[in-house]
Amino acid sequence: MIYQGDSIRVEFVSDGIAELQFAAAGSVNKFDQKTLEEFSQALAQLAETKDLRGVIVTSSKPTFIVGADITEFQTLFADVEHTKKWVHKASRVFDQLEDLPVPTVAAVAGFALGGGCEATLACDYRVADTTATIGLPEVKLGLIPGFGGTMRLPRIIGPDNALEWITTGKNNSAADAQKIGLVDAVVAPEKLRDAALSMVKQAIDGDLDWQAKRQPKLDPLQANDTELTMTFVTAKGMVAAKAGKHYPAPHAAIKAIEDGARAHREEALNAENEAFVGLTQTDACHAQVGIFMADQLVKSKAKKAGKQATKEIKTAAVLGAGIMGGGIAYQSAYKGVPVVMKDIRQEALDQGMDEASKILSKQLERGKLDHKKMAKVLSSITPTLLDEAVKGVDIVVEAVVENPDVKGKVLAQMEDVVADDAIIVSNTSTISIDRLAKNLKDPSRFCGMHFFNPVHKMPLVEVIRGKKTSDETVAAVVAYASRMGKTAIVVNDCPGFLVNRVLFPYLAGFAGMVDEGADFAAIDKVMERQFGWPMGPAYLSDVVGIDTADHCTEVMADGFPSRMPRDTDSAIAKLAAAERYGQKNGKGFYNYGVDKKGRPSKEKAPEVYDMLGIEKDGGKEFSADEIIARTMVPMVNECVRCLEEGIVNSAAECDIAFLYGLGFPPFRGGPFRYLETVGLAKFVELADKYAHLGEMYQVTDGLREMAKANKSYFAG
């Protein structure tokens, strides 16, 4: 044994050939601070080992190395000087691997991401098996590679390919990595270790010139000035178009590569270190790292629920076909849970099947599936007009019209049809689960399961617990949502639940400005381009449906009469009364159609300006800061209330709900992360400025106390 640590061991495995194996105690290998220290120690020992002729780098697990330990980032990045010292020291550990006086070969199976990918780059050769996925996804955390990736990758695969890999953060298959020269060979999983040994022996015997392979990584980037200039100009243009101004990481990646292009390894690494440290102090990095941590929390809760679930969902039924029912049925069938789609009208069943077929056809066109898979999914959906067909299913998802009386009758009817242990859920967006539960003899097996439209694209499912819902029911439904490929957030029952309850004050803040004469299109422009929403509030209202939004105002007014009173003279109410329902009938705040090339079009509706009394030349002007405050203060306040009332369990889960359910700007991290970025004390001050506009703008005593005590919603 050459070296033995908690996560790494090194020993001779053949004549003069050592194996450095990552073998962490946990489920995966990752570069936490302790592992990096062991890595350095192991490499130092190897460098001094007599009779060493070659090294293979392997993993004892099905996956190579998933990257750095992101759970350490918040502590590591808290102090700039500490961050500088850490990243400088850590990145030089990979130099130790690259500087070993013998040939090195990485044997890559499963994921080699981030630091895992960078470890392979420091080797002379890389052999991967067919399961390998390789990439540098750091930009998704608001960062760039910090262990030499921006320096080594361009010198191995060329600057064009490297810039694409690093600025997009995409993962790549072993075959794709081989095509561009990152991987030297791809083999079957059972042949991986032998292939690595064979390759290192070839290098030892002189059949492969490992020193010539290594040298370009130590030297300046080999490319002529004109080509290099064009490469960077093109990359900057693409990143500006795709990432925009809100995501600094891909821009910083280009600068790091450009600054290090004409430098030797040490100077190029210094350029990378400097860019990396700068990014660790940005709001975008804090937000995106926060998203990762929150997502891990939600996934761990879902995994735990899966283990606790006593009932496995093997078959399902959807009541109510149509677009939403068809989307739910498709998603269940696509993920391997056969589904019965029940309706009382044949036309609705046809529409539901058409919806599933459309989704599948688009995937077929894009090469995401083949005809065999498409046929299998469609055959897993059984459309029916008969109650009897639902008898043997494990779960029934009610997705009929959003009317409590209609839903109540359907739920009661189905309870008499299905087995006593079958779970019954309602896909409702606003109606109280406790109210609907009164229609059932056994409310313990009933809860809400709120899907977002379009079902196949939106990752969130709200699982709504009623007062009488059993833990077993919640666990089984969360497990079913996970199997459907969805992220489940468990919330407690209240009008609008979490997402729609919080969305209402946001839209009400928007409507208040429109009622004062603001141009709805100008508000959309600010909220999209400056705040970062994928859709401004007017456009979002059109997509959700003006009639749906108007109906929600009734539900919310019933639940929160003082804070969310119904205004029959609001912009939303006026458009609904005029049957301007949004995208669904081609007219809302905007008019929808197709342009000359047949592409969907969206134009401001001049008739809406007349209807709402908005001046044609743009209406009353509000500053960008005021528009953001008028819409976001009510939203954040309602999130705080939901947390304080126990509707949602944590700030992290609330953030994920809005990221995955509404497309909250990722660079802002979610409502609570946004609140903390603004600063609790500053937010309270801002809200107080608008408190005269109504209860929605008035902060809770709890938030006020948190601000005074300088506390965080993410502590502990």
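**Exercise 1. Find what share of the chain's contacts with a separation of 6 or more joins residues 24 or more positions apart.**

Step 1. A contact means heavy atoms within 4.5 Å.
Step 2. Of the contacts with a separation of 6 or more, 72% are between residues 24 or more positions apart.

The model is predicted, so local features need pLDDT of at least 70 and side-chain atom pairs count only at pLDDT 80 or more, while totals for chains, interfaces and linings use all residues. Numbering starts from 1 along each chain as its sequence is written, and side-chain values use heavy atoms, with hydrogens and water left out.

**Exercise 2. Compare the radius of gyration of the chain with that of a compact globule.**

Step 1. The radius is taken over C-alpha atoms, and the globule rule is 2.2 Å times the number of residues to the power 0.38.
Step 2. For 716 residues a compact globule would have a radius near 27 Å; the chain has 28 Å, which agrees.
Step 3. Along its principal axes the C-alpha trace spans about 85 × 60 × 60 Å.

**Exercise 3. Describe the surroundings of Asn637.**

Step 1. Asn637 lies in helix α26, residues 624–644; helices are DSSP runs of H or I with at least four residues, numbered from the N terminus.
Step 2. Is Asn637 buried or exposed? Buried means under 20% relative accessible area and exposed over 50%, with a 1.4 Å probe and protein chains only. Asn637 has 1%, so Asn637 is buried.
Step 3. Not counting residues up to four places away in sequence, Asn637 touches Phe683, Met696, Tyr697, Gln698, Val699 and Leu703.
Step 4. A polar atom of the Asn637 side chain lies 3.4 Å from the backbone oxygen of Tyr697.

Conventions: Helices (H or I, at least four residues) and strands (E, at least two) are DSSP runs, numbered from the N terminus. A polar contact is a pair of N or O atoms within 3.5 Å; within protein, one must be able to donate a hydrogen and the other to accept it, and residues adjacent in sequence count only if both atoms are side-chain atoms.
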